[in-house]
Amino acid sequence: MTPAIQTSPNAFTTSARDRVESYLAKRRSARKSEIVALTPDASTREYFRIPWDQGTAVAAVYPEPFDPEVHPYLDVTNLFLECQLPVPLVHDVDGSLGMIVQEDLGDRQLCQVFETASDEECEALLEQAIEVIARIQAATPTAFERNSIAGRLAFDEAKLAWELNFFFEHYFGSLRGETLRRGEAAELKVELNDVAAELAACPRVLCHRDYHAANLLIDRKGQIRIVDHQDARMGPASYDLVSLLMDRQPCPPSLAEVRGHRLYFLEERRRRGLDPIDPDDFAKQFRLMTIQRGLKAIGTFSYQTAICGRGALYEKHIQPTFQIVSQAADWLERFPILRRMINERIG
C-alpha cells in the first residue's frame, strides 16, 4: 500500500499502453485488442494482461526506465524464489521500457475468495497464508547473505515514526482540515513516538510489508501466491500477521479468533526452527503493531481520499480501522490521548 504517488523527472512521455504495444510488436505476438488493462492499487505502476507463448502473462509497467540489476522488485523476487516462496516467475525484463513481464496468476484475490468460501475453507486458507509468513521469516538469513535490498531496509524508529506522522498530517489535515490545539498535538505525538520506539526495539525478521488479502492470489492449483512484494524489509515478527488479520476489515475481528491465529503462527515459527517468542509478549507486540499499522493505513486511506480523489475505494476503510486501533489500545490499557481522540471523532 503505497501512501503517496510521486512523479520523476525521468518519467516517460509515452503512455504505459503504448510501451506495451511497442514491446509486443517486437515479439510480433499480439494485436492491440489482446492487451487488457488491469486495475492497480495505490501505485505508480500500471498492469496489463498480455499474450505470452501459449497463454498469458502480466506486464508491470513503471513510469520511468530502470536498471534491472538494482531494481527492488527483481531483487526481492530473486530472493523469494531462492527461498522457494510463492511469488510469480519473471518471464522477461525490459528496463528501457520500464517493463517487467511476469507469470499470470489469475484474478482470484484472497479477499474475494473469502466472500463466498465456507468458514472451513476460509480457515484453511488463512492457515496457509500464516504458514507463508513463517516461511518468509525463515528466509531472513538468506536476505542478509545475498545482500538483498530487503536486508538493508528496516522498520527502524525513523521509518515507523514517518508513517505515523503521515497519518497525523493526512487524517487531521488533508482529510478533516482540522488543526489540533498545540498541547493536544504534542501529547498525541508523544504517544505515537512511544509506539514507534517500542516497535523499533523488537527483534527484526524479513517482512513482506503489505501482506493483506488483496495482495495474496489463489492460483489454479488452489495455492496462495504472493504479489506486491517489492517493498520487503526487516521488521517485527508481528508485522505481516497484523496486516493479514487486521487490514481492511469491516469490523474488529473476534479476539478469540485472533488469539488462535497468533498461536498457530508461533507454532509455525517453532516448526521452522525460528527463535521462540513468548505468547504473552507476542500478544503485546501484536497489539502495538496493530496500532502502528492501522494508523499508517488510515494515513494512506486519508491521502487517497483527500488528495488523489479515490475516496470511493478508500474512505470506507477509515472508521473500521480506527475501531481496530482503539480496541488494541484498550487491550493494552495505554495511549489515553489517542483513545480519547479516536472516540471523539468516530463515536
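In this predicted model, strand E2 and strand E3 (residues 55-61) run antiparallel and are joined by seven bridges. Strand E2 spans residues 46-52, and five of its seven residues are buried, so the strand is largely enclosed by the rest of the structure. In a regular strand, side chains alternate between the two faces of the sheet.

The loop between E1 and E2 holds Arg 45. Is this arginine buried or exposed? Arg 45 counts as buried because its relative accessible area is 9%, and the cut-off for burial is under 20%. Its side chain makes polar contacts. One is with the side chain of Tyr 47, at 2.7 Å. Another is with the side chain of Asp 228, at 3.0 Å. Arg 45 and Leu 175 are 130 residues apart along the chain, and their C-alpha atoms are separated by 25 Å.

Two further residues stand out by their backbone angles. Most residues other than glycine have a negative phi. Gln 84 has a positive phi, near 60°. Arg 209, also not a glycine, has a positive phi of about 95°. Both lie in loops. Gln 84 is in the loop between helix H2 (72-82) and strand E4 (90-94). Arg 209 is in the loop between strand E6 (204-207) and strand E7 (216-218). Their surroundings can be described in turn. Gln 84 counts as exposed because its relative accessibility is 66%, where the cut-off is over 50%. Arg 209 counts as buried because its relative accessibility is 5%.

Helix H11 (residues 279-306) has 28 residues. From its first C-alpha to its last it reaches 40 Å, close to the 40 Å expected at 1.5 Å a residue. H11 is mostly covered, with 23 of its 28 residues buried. At its start, a side-chain oxygen of Asp 278 reaches to within 3.0 Å of the backbone nitrogen of Asp 280.

Helix H8 (residues 182-200) has 19 residues. Which residues of H8 are buried? They are Glu 184, Ala 185, Leu 188, Glu 191, Leu 192, Val 195, Ala 196, Leu 199 and Ala 200. An α-helix has 3.6 residues a turn, so residues three or four places apart point the same way. The buried residues of H8 pack against several elements. These are helix H7 (157-175), E6, strand E9 (233-236), H11 and helix H14 (336-346).

Helix H4 (residues 119-138) contains Gln 137. Gln 137 is buried, because its relative accessible area is 2%. Which residues does Gln 137 touch, leaving aside neighbours within four places in sequence? Its contacts are Val 205, Leu 206, Ala 237, Phe 265, Arg 269 and Leu 274.

The aromatic side chains were searched across the whole structure, and 12 aromatic pairs were found. Phe 167 and Phe 172 form a pair with ring centres 5.7 Å apart and planes at 65°, so the pair is edge-to-face. The cut-off for that class is planes over 60 degrees apart. Both rings belong to buried residues. Phe 167 counts as buried because its relative accessibility is 1%. Phe 172 also counts as buried, because its relative accessibility is 4%. One aromatic cluster is formed by Phe 167, Phe 168, Tyr 171, Phe 172 and Phe 322.

Charged side chains also meet aromatic rings. Lys 189 lies over the face of Phe 168, at 4.5 Å from the ring centre. Elsewhere, the charged end of Arg 287 sits over the ring of Trp 331, 5.3 Å from its centre.

Terms used:
Residues numbered from 1 in each chain as written. Predicted model: local features only at pLDDT ≥ 70, side-chain atom pairs only at ≥ 80, totals over all residues. Heavy atoms only, no water. Helix = DSSP H or I, 4+ residues; strand = E, 2+ residues; numbered from the N terminus. Buried < 20%, exposed > 50% of the residue type's maximum accessible area, 1.4 Å probe, protein only. Pairing = 2+ DSSP bridges. Expected span 1.5 Å × (residues − 1). Polar contact = N/O pair within 3.5 Å; in protein donor to acceptor, adjacent residues only side chain to side chain. Contact = heavy atoms within 4.5 Å. Phe/Tyr/Trp six-rings, centres within 6.5 Å; stacked < 30°, edge-to-face > 60°. Lys NZ or Arg CZ within 6 Å of the ring centre and 35° of its normal.
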